[in-house]
Amino acid sequence: MARSKEFDQERALAAAMNVFWRHGYENTSLEALIREMGIAKQSLYDTFGDKRALYLKAMASYRKRTNASLRETLTSAPTVKGGLTRVLLGLVAESREQHARGCLLLSANLERAMDDEEIARFLEDNQAEVESIFAEALRRGQRGGELSNEAEAGALAKFFVATIQGMRAMARLKSDRRALRQVAKIALAALHG
């Protein structure tokens, strides 16, 4: 008779994600993962596979959560401009610790080996998904007359994704809310064009 898992897999995966987020893939030891996840080495292998498989699962979990949150922020706001403002100013308002932590996927992109095609594909898929979320919101704003049709929504979506990635990198280096707010203000001004 198979023994049931004696740990919460979602909680263990979240713990692993936090370890990778703090230390990066290369600097994360198996011992640190096991300790933080609160599971035995064999349970890690049986449930998640090796360290790399766990890393990919942790990044997929992060991606699912952050992209769902982004979509919710953009669709729940009364206006598209309001949703974009919430996204950008939400990043500005994050704590110094959150700024220092940055974005797990942006960090993964900067850390990955240039020839790591699997991670590159994962990150490219995420980039496309995030751009799609923004483009969908921008098109909604254009159809509703809230935003000008002058700018192509796909190009504007790429601009917002690049702006957020830049803001995340900037905030990670130095948590300067004033500077971040200035960047957000300029990015939002692009909606008036």
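**Terms and the values behind them**

Modeller: In this chain, residues 24 or more positions apart account for 67% of the contacts with a separation of 6 or more; a contact means heavy atoms within 4.5 Å. The model is a predicted one, in which local features need pLDDT of at least 70 and side-chain atom pairs count only at pLDDT 80 or more, while totals for chains, interfaces and linings use all residues. Residues are numbered from 1 along each chain as its sequence is written, and side-chain values use heavy atoms, with hydrogens and water left out.

Colleague: How many helices and strands does the secondary structure come to?

Modeller: There are 10 helices and 0 strands. Both are DSSP runs numbered from the N terminus, helices being H or I with at least four residues and strands E with at least two.

Colleague: Why is Phe160 called buried?

Modeller: Buried means under 20% relative accessible area, exposed over 50%, and partly exposed in between (1.4 Å probe, protein chains only). Phe160 has a relative accessible area of 0%, so Phe160 is buried. Phe159, at 35% relative accessibility, therefore counts as partly exposed. Of the 193 residues of the chain, 43% count as buried.

Colleague: Why is the pair of Phe159 and Phe160 called edge-to-face?

Modeller: Rings of Phe, Tyr and Trp (its six-membered ring) pair if their centres lie within 6.5 Å; planes under 30 degrees apart count as stacked, over 60 as edge-to-face and the rest as tilted. For Phe159 and Phe160 the centres are 5.4 Å apart and the planes are at 75°, so the pair is edge-to-face.

Colleague: What makes the aromatic pair of Tyr25 and Tyr55 tilted?

Modeller: The angle between the planes is 45°, with 4.7 Å from centre to centre. Tyr25 lies in the loop between helix 1 and helix 2 and Tyr55 in helix 4, 30 residues apart, and the pair links distant parts of the chain. Both tyrosines are buried, and together with Phe20 they form one aromatic cluster.

Colleague: Which residues touch the most other members of the largest nonpolar core?

Modeller: A nonpolar core is a set of buried Ala, Val, Leu, Ile, Met, Phe, Trp, Tyr and Cys residues joined through side-chain atoms within 4.5 Å. The largest has 32 residues, and Phe20, Leu33, Met37, Leu44, Phe48, Leu54 and Met59 touch the most other members. Helix 1 gives the most to this core, with 8 residues. Apart from it lies another core of 28 residues, including Leu74 and Val92.
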